[in-house]
Amino acid sequence: MMQPKRRLLGLTVPLAPPPSSAHHAPQHPPPFKQLTSYPAPYYAPYPASQGLAATAALSAPLYPSAPGANQYSTPRSSQAPQAQLYQGPLGIGAPPAAVSAAPCTYATPSSGPQVAVNGQVSAVSPPVLQHYDQTQPVVTQSYKALEPNTGDCAGERPPSGTPSNSVHSSPGHHPGPQYGYVANSGVRSSTAAPSSSSSDDEDDEEEDDEEAGADSSTTGSSSPVPNNYESLEDGSYPDSSSLPPPPPSSKVAPPFGYSYPNLHPAYQQKAPSRTDTTPSYGGCNPPGYQPFSQPFPSMSQLSTTLGGLSGVPELQVEGLRPVNLLQERNILPPSPLPNPEPNLSADLRKVNCSPDTFRCTLTNIPQTQALLNKAKLPLGLLLHPFRDLTQLPVITSNTIVRCRSCRTYINPFVTFLDQRRWKCNLCYRVNDVPDEFMYNPVTRSYGEPHKRPEVQNSTVEFIASSDYMLRPPQPAVYLFVLDVSHSAVETGYLTIFCQSLLDNLDKLPGDTRTRVGFVTFDSTIHFYNLQEGLSQPQMLVVSDIEDIFLPTPDSLLVNLKESRELVKDLLSSLPGMFTHTRETHSSLGPALQAAFKLMSPTGGRVSVFQTQLPTLGAGLLQSREDPNLRSSTKGVQHLGPATDFYKKLALDCSGQQIAVDLFLLTSQYSDLASLACVAKYSAGSIYYYPSFHHVHNLPQLEKFQKDLQRYLTRKIGFEAVMRIRCTKGLSIHTFHGNFFVRSTDLLSLANVNPDSGFAVQMSIDESLADTSLACFQAALLYTSSKGKRRIRVHTLCLPVVSQLSDVFAGADIQAVTCLLANMAIDRSVSSSLSDARDALVNAVVDSLSAYRGTSNLQPAGLVAPSALRLFPLYVLALLKQKALRTGTSTRLDDRVFAMCEFKSQPLQHVMRLVHPNLYRVDDLSDQGALHLNDRMVPQPQLLQLTAEKLTREGAFLMDCGNLLYLWVGKSCSESFIRDVLGCPNHSSIPQNMSQIPEQDNPPSARMRTFLSWLQELRSFWPVLHVVKDDASAKTSFFQHLVEDRTESAFSYYEFLLHIQQQMSK
């Protein structure tokens, strides 16, 4: 073996022989407990995609349902299955990940069943944090790291309704896949553990206040000091044997093909007659709180008063207004769809959780699983738990009040029976009100527990105590792993990265403990000694990539404050060190192994920058893409990983509280399907820049710079866990997002950031007839970059209904579309793309057929309730999106990245990807403008995505989420071209224009204001492309006009006819 060399930025000095394995750990005691190696079962084989494999029964059910319900369920079993069929989203069965124990510093996974697993926001001003502090300064305590407990919590009851490993196939729904139900994963909401998320932009004064509240304990807790998160968050419901009756079978559409009817896509212009009706949701009196001198209402009385819909007659409401889709052509509203308003009283709506943070696919929760099955709509939640907030109540208290049974945090929807007792809104247990909770820090008065900030706000953040720690909170630790091979140097990214990090070094979230490190790699691994006291950085080269080791473990991760000048010196010299490199190989796998060894003692964030396919060492990959098959309509291969190396490594990282973020900057195939696993399973993020070059692709350069600035400075939470609880009778069975499911329902998030979204699928195990309100609570427990343990809690309240019409009226079509997109992505990876596409078509057919069965009057045509009028349009748009389209040339990495975006982005970003917004912008005016601070932001009307809405006399802006297209017609007025684009006429517009110049005139100011407003609304910077009417680039623009027919896909009108045809079978 070659002897490793030490190179002192030019001087090459022999280095001692590679240390033995005993030298891999730091020579001094690590700051946190060093973990032992993982047991052998931890490395059991993993399925191809986040717990999903292709060994699926394609006849598996489409919609999740309660156990025992015909084709929409899996039967209940009282025994834990040995090798259960793993039922993934959209009905794909596969064995679950065999993870018996993954000891880490925080918690150990329970031996219970595993759940099914899937597989950004612009910078704002510092949040206004309403800080409530009622504690006295306490003596600072040091907390000893606790030993992990390998067993389940004592006394934890098994969740009821545990599904078995068998799956009923539906003869009527054959090739169309259906929403999957996860075997042996009936997670009860009440067993959920608390979790929290935090903000990092607190003022110094606020940080001082936080330290005063270091001791916060749960109310009424008599248990010993917890030794894992399960024991912190235990609690479950007793088993229930009530099962809803099986629903009848229904017909399903055959596979969605590409034969088109010979029809002209013309619409009848005459709209059907309709009768105006008023909403039926009335009679909801404001609940308020009874004065304590008056009798307290019972829970049933309060629920009725709070606006539940049970017992309300089935009336025509706006959401149920019949819409004949074949006749009403202009169904797209002129402005963005408003957020759905649940049918609650005014008081409850005022305190309910923001739909930007927490929303449900159905704003009216069905009373039973049978009713949900009849509606043929998926039930699930979409969360954006750590998003940037302008206002966030931060509570420092000695007592965090939680339900003694299900561990729910007190919230605005609990019931106060009197001054000393409150009833949990999830499990209905009566709890005592602690003495401290009687004091209201806002009004500084006693005897009003119902006016406390925890009970007046559905989103709050608690400063957690040592009860929520298993070790001292970790510092912010950032490791940058950089590709410096020849292809990387050619892209020029290294110069951009180093300059951006230099510019934002002081803005990295953290405190005086913040640590940083750097690793570069090509065919060898290069470490950098930045220890304080050195005159310049030292490079240490390890050429043995088969047995990677850390040459000087103590000096590779350094305190940023102490070694700031050395870090700056390294960043200044790094781009020039590899300018003339001839190394073409990439040893990404060994570099990640080195990063894991380096970060294991503390945890933190690893940022990996890669520009090609890994070709050396562990994790090397071969090209799997056949360019000739990019336009195939017969299916797409290699959507799953080629090796489980990156998934195993990610799970190792997750166990040590390490998240890996991947930046892929490449002009060639890099097998993102395999590389993405390292971020997916460690709760990381994925950034993708195809054809990146610092000179030849300026739009991508600008996007990389903006994304990097956001990435380096945005809030971050470390060593986080998240759990979702829900009302007794509901259960969660499938999760979507980037994370690792540590136990049956506990999501491990080594890092959490404000740009990530999550989704969950749910079922109804027990009837909700005894309540008129259903509640959901997400709790995110994390460590802020300032080293504070925090819990961010979101609570959502929705009415329960017993009528099928109310279920349709409360459908949130955007949330339904996003959840279906997640499920379709899972199905395309674990089964096939064609099955996923068929499932989406069948979802529309089933839901509209179910609605037709509820209506007495049947007008001719394709009728949908108003709440679902955009469902066919959104599904057609999904079928034409990069992730799911066929017949259109799509690079494999492009397709996989689009899939990753669907799985990890918040709802607002996903919807822009699915259905872009089209505006006419050559006639912007201040009429109807949005007044934002001192700006007037024009608000042009939304246009349908069809070429019929384009005119050669106009200019049109299309917002596709990550892309902005400005299409300029041939006959567009020269005044607009001159004033806004700075060109004398249409022919002089440059081919690759990507910037709008600053011009001193009103049209230019309006255009730039509107553009900047759109760009500021998101965390991922959208690239602007100016497209001329006669340019070849307009092809990509026209691909987003989803209502128009293409060579391989229906027009919107043809798709409606296809849906109507399938419904008539």
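**View 1. Arg-359 is a buried residue, with a relative accessible area of 5%.** Buried here means under 20% relative accessible area, with exposed over 50% and partly exposed in between (1.4 Å probe, protein chains only). The model is predicted, so that local features need pLDDT of at least 70 and side-chain atom pairs count only at pLDDT 80 or more, whereas totals for chains, interfaces and linings use all residues. Residues are numbered from 1 along each chain as its sequence is written, and side-chain values use heavy atoms, with hydrogens and water left out.

**View 2. The side chains of Arg-359 and Asp-812 form a salt bridge at 2.9 Å, N to O.** This pair joins distant parts of the chain, 453 residues apart, with Arg-359 in strand E10 (residues 358-360) and Asp-812 in the loop between helix H15 (804-809) and helix H16 (813-830). Asp-812 is likewise buried, at 4% relative accessible area. A salt bridge is a side-chain nitrogen of Lys or Arg within 4 Å of a carboxyl oxygen of Asp or Glu; helices (H or I, at least four residues) and strands (E, at least two) are DSSP runs, numbered from the N terminus.

**View 3. Glu-454 and Arg-452 meet through their side chains in a salt bridge of 2.8 Å, N to O.** Glu-454 is buried, with a relative accessible area of 2%, and Arg-452 counts as buried at 1%.

**View 4. Within helix H14 (residues 698-713), Asp-707 and Lys-703 are four residues apart, and are therefore separated by about one helical turn.** Their side chains meet in a salt bridge (3.3 Å, N to O), and both Asp-707 and Lys-703 are buried.

**View 5. A network of salt bridges links Asp-388, Arg-710, Arg-714, Lys-715 and Asp-755.** The structure holds 29 salt bridges.
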